[in-house]
Amino acid sequence: MKPKKSRPSRSAARGGTGGARPAPNSRPARSGRDRSRPSGSTRPSLRQQFDAPIERRRRANPRTVRRALALGALFALMLVVLTPALRSYLQQRSEIADLRQQKIDGQKRVEALEAQKKRWEDPAYIKKQATQRLGYAMPGQKVTVYVDDRNKPHAVTNSTGVANATTLSSHPWYGQLWGSVKMSSDESQQGKK
């Protein structure tokens, strides 16, 4: 066994009562921890000690890399699991919006049909519809119906008493004009024979 080295007492190192007071110009004695090491020492310098955490942060720590990979894998797994659920949620929200719009449209249609039903309860409206749609007339009322070449009846407008010309033909006006010229020429040729 090695003999233990004796250490100076704390009070002596501080210049306390246990020992002689150091001279004012002399340096205080260094403790065993403060002694400088020989130049071949493996202990890093103070500058190297402060720069070491920065260099460690720059270098990839295997534990940090593993944690980052685990978090990335967890995020990818959450993305894979939650994407179909999110897609179905958004699809259901759009279906709900469509159904709400259909409900509003249906309510508007019901209101329009109820308004039409109320109109049909009015006797004056029924008479007007019978005259327009079916060509009925009240006793003593005159009705004029014009029939075209195809034996198709046309209604008479109430304001002028003349058949509605736009319903007579599906041809444009210049086609109707040419057709009337052609028809008059055919009638004149038949009259000459």
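**Exercise 1.** At 32% relative accessibility, how does Trp-120 count: buried, partly exposed or exposed?

*Solution.* Keep in mind that this is a predicted model. Buried would need under 20%, and exposed over 50%. Trp-120 has 32%, so it counts as partly exposed.

**Exercise 2.** Classify the ring pair of Trp-120 and Tyr-125.

*Solution.* Start with the count, which comes to one aromatic pair. The ring centres of Trp-120 and Tyr-125 lie 5.2 Å apart, and their planes stand at 85 degrees, so the pair is edge-to-face.

**Exercise 3.** Check the length of helix α3 against its number of residues.

*Solution.* Helix α3 (residues 62–120) has 59 residues, which at 1.5 Å a residue should span 87 Å. The C-alpha atoms at its ends are 86 Å apart, in agreement with that value. Now look along the helix: α3 bends by about 35 degrees at Leu-82, and the proline Pro-84 follows within four residues. As for confidence, α3 has the highest in the protein, with a mean pLDDT of 94, while helix α1 (residues 10–14) has the lowest, at 51.

**Exercise 4.** Which residues of α4 are buried, and what do they pack against?

*Solution.* The buried residues of α4 are Tyr-125, Gln-129 and Ala-130. They cover an arc of only 140 degrees around the axis, which puts them on the same side of α4. An α-helix has 3.6 residues a turn, so residues three or four places apart point the same way. The buried residues of α4 pack against α3.

Methods
Residues numbered from 1 in each chain as written. Predicted model: local features only at pLDDT ≥ 70, side-chain atom pairs only at ≥ 80, totals over all residues. Heavy atoms only, no water. Helix = DSSP H or I, 4+ residues; strand = E, 2+ residues; numbered from the N terminus. Expected span 1.5 Å × (residues − 1). Bend = angle between axes of the 7 residues up to and from the residue. Phe/Tyr/Trp six-rings, centres within 6.5 Å; stacked < 30°, edge-to-face > 60°. Buried < 20%, exposed > 50% of the residue type's maximum accessible area, 1.4 Å probe, protein only. pLDDT = per-residue confidence, 0-100. Arc of directions from axis to C-beta. Contact = heavy atoms within 4.5 Å.
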